[in-house]
Amino acid sequence: MDSEKSTVTGRVDPITLEVIRGAFTTIADEIDTNLARTAHSMLIYEYKDYAVGILDADGNLICQCTGGMPIFIADVLGAAVRDGLEIYGRDGLFPGDVVITNHAATMGQHLNNVAMYSPVFAGADEEQLVGFLVVTAHWMDVGGRVVSSISKYATDVFQEGIQFRTVKLRSKGERVEEIYRMIEYNTRFPDLVRGDIDAQLAGCTMGSDQVAALYNRYGIETVSAAIKVIWDQSEAAAREAVQAIPDGRYEAESFLDDDGIDLERTLPIRIAVIVKDDEMTVDFSDIADQVAGPLNSGVSGGGFTVARVAFKYLVAPHEPANEGTFRALKMILPPGKILSATENAAVGRYNMPLPTVIDTVIKALAPAVPDRVAGAHFGSFCTLRFHGRLPSTGTLFQMNDSGYGGWGAVSDNDGPGPFRTNCHGDTRVIPTEVLEASYPVRIDSFELRPDSGGPGKYRGGLGLTKSYTVLEDLVVSTGFERSKCAPWGVLGGHDADASRVIIEAPGKEPEVVLKDERPVGAGGKVIVETGGGGGFGDPADRSATDLKMDVEYGYITRDAADRVYAKPVEDD
């Protein structure tokens, strides 16, 4: 198509606009699919712990894959690219370059999250830098003091693994062998990590070629104009939604179980949301200060991430995520907070506070927009890792699994689930058959937890119970949160049950282990119980028909129906 015909006074005709909009998303989704098909570690090809984004030449988000993790997209991709522009400059980036970074002070997340990106050049001689194709993925291990690199006991980032601050993995299409060698000798799982790197690399190179072809087909001027329109449309939709919220200052608070080191010290999560005309400001001034343990995050991976995810939930859930969506969002976040930690802070478990903070932002708006808020969801990453050595070969293994729990009820429906947290997007349950075939565990049960959802006019979603039998000696590492601050109900809804993990080591009493490591011998059991979602509205207002159905399906026990809902459930 002739670019001069499609561009009129800086505007793009509607058909060309939609073709370009769809093309960007299709490219990102195709790279998403290929990454899952070609990666080597289960965490990527089954669980989908990654995201794909396309950015402009300044590091602004054009689009993302439809199934990517929100906490990778929110501002981490842009932070990675902008750091590259600062270090290399536009003149220091060339066709065929591939850059990686996991620098905690840049990205604000744990070192396992590695952003890889390729610059996109378009024009007759590939002379103009027009954007970047970025793939961020979780590498299984990047060194540090423990298997997986994520230690409960870390007190600075240097204990958590190796950092690559914006270095070229490929330079003008050629492998930089020194970087590959550094990676290989700083991971406990070199074969798996190399395989995942190759999958990321293929995504970057294929995606950047496709984005360049898009620019060349329609012309740089036309595609750039289309991006501006896409951003402006998303901005207008978000501002219209914010404008409908009554002006005011809205506050809410919750707390985290502990600071990661002192298990008796809870951490306050105090949030204010200020709405003024068509702008929303999230004020984190009173949130907990950064801590000695690994629960910290930096501004890009912490503050910006949770503000953007909560904002999108509240005002633009059906709009695509791009830079325009967030122009109506402002943030106040002093340095040195748990979401704006200073350089070299421990960040291994940066993700654990994020779901609770997002829930708290949503909670703050309950009085203003009750039809848009929900009860809190189970709110814990519920990470579970088994590692050890296979007796037959002596090979080190690491099995990652996660808990899926209930989400909060809303103004006209019961809570959904079980799903992953509001930080996860489209991450999936790893099939039981795959886990049992690959690791020395047996999964004895995997079922819904009755009564785990918060009672209400609309009931919160249910959590799960998953029981493992350990078949060989190994070590279990857990990362569970929100055991003390149960998922709350809203507008009269009741709280849900919290999450926990129970370890039954042979010859020992069962022990609840929320954030620690334990050796478990063959024959031991690990039982994961995930929380439900908070209820919405007074339980007394729940219809007798819905309550009867809950009891029949086993979502609510008859005892809970009698005790909590105070309504007899009659048999047919």
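Predicted model: local features only at pLDDT ≥ 70, side-chain atom pairs only at ≥ 80, totals over all residues.
Let's start with helix 5, which covers residues 76–88. Its 13 residues reach 18 Å from the first C-alpha to the last, close to the 18 Å expected at 1.5 Å a residue. Look along helix 5 for its buried residues: among them are Val76, Leu77, Ala80, Val81, Asp83 and Leu85. What covers these buried residues? The cover includes strand 3 (50–56), helix 4 (70–73), strand 5 (98–101), helix 6 (104–107), strand 6 (113–122) and strand 7 (128–138). After helix 5 comes Gly89, with a positive phi near 75 degrees.

Now for the backbone angles. Most residues other than glycine have a negative phi, and most peptide bonds are trans. With that in mind, find Ser148 in the loop between strand 7 and strand 8 (167–171). Ser148 is not a glycine, yet its phi is positive, about 90 degrees. Is Ser148 buried or exposed? Ser148 has a relative accessible area of 2%, and because buried means under 20%, Ser148 counts as buried.

Move on to Lys172, in the loop between strand 8 and strand 9 (174–175). Lys172 is also a residue other than glycine with a positive phi, here near 50 degrees. Its relative accessibility is 53%, so Lys172 counts as exposed, the cut-off being over 50%.

The last stop is a peptide bond. From Gly417 to Pro418 the bond is cis, with omega near 0 degrees. You can find Pro418 in the loop between strand 15 (396–402) and helix 12 (432–438).

Terms used. Residues numbered from 1 in each chain as written. Heavy atoms only, no water. Helix = DSSP H or I, 4+ residues; strand = E, 2+ residues; numbered from the N terminus. Expected span 1.5 Å × (residues − 1). Buried < 20%, exposed > 50% of the residue type's maximum accessible area, 1.4 Å probe, protein only. Contact = heavy atoms within 4.5 Å.
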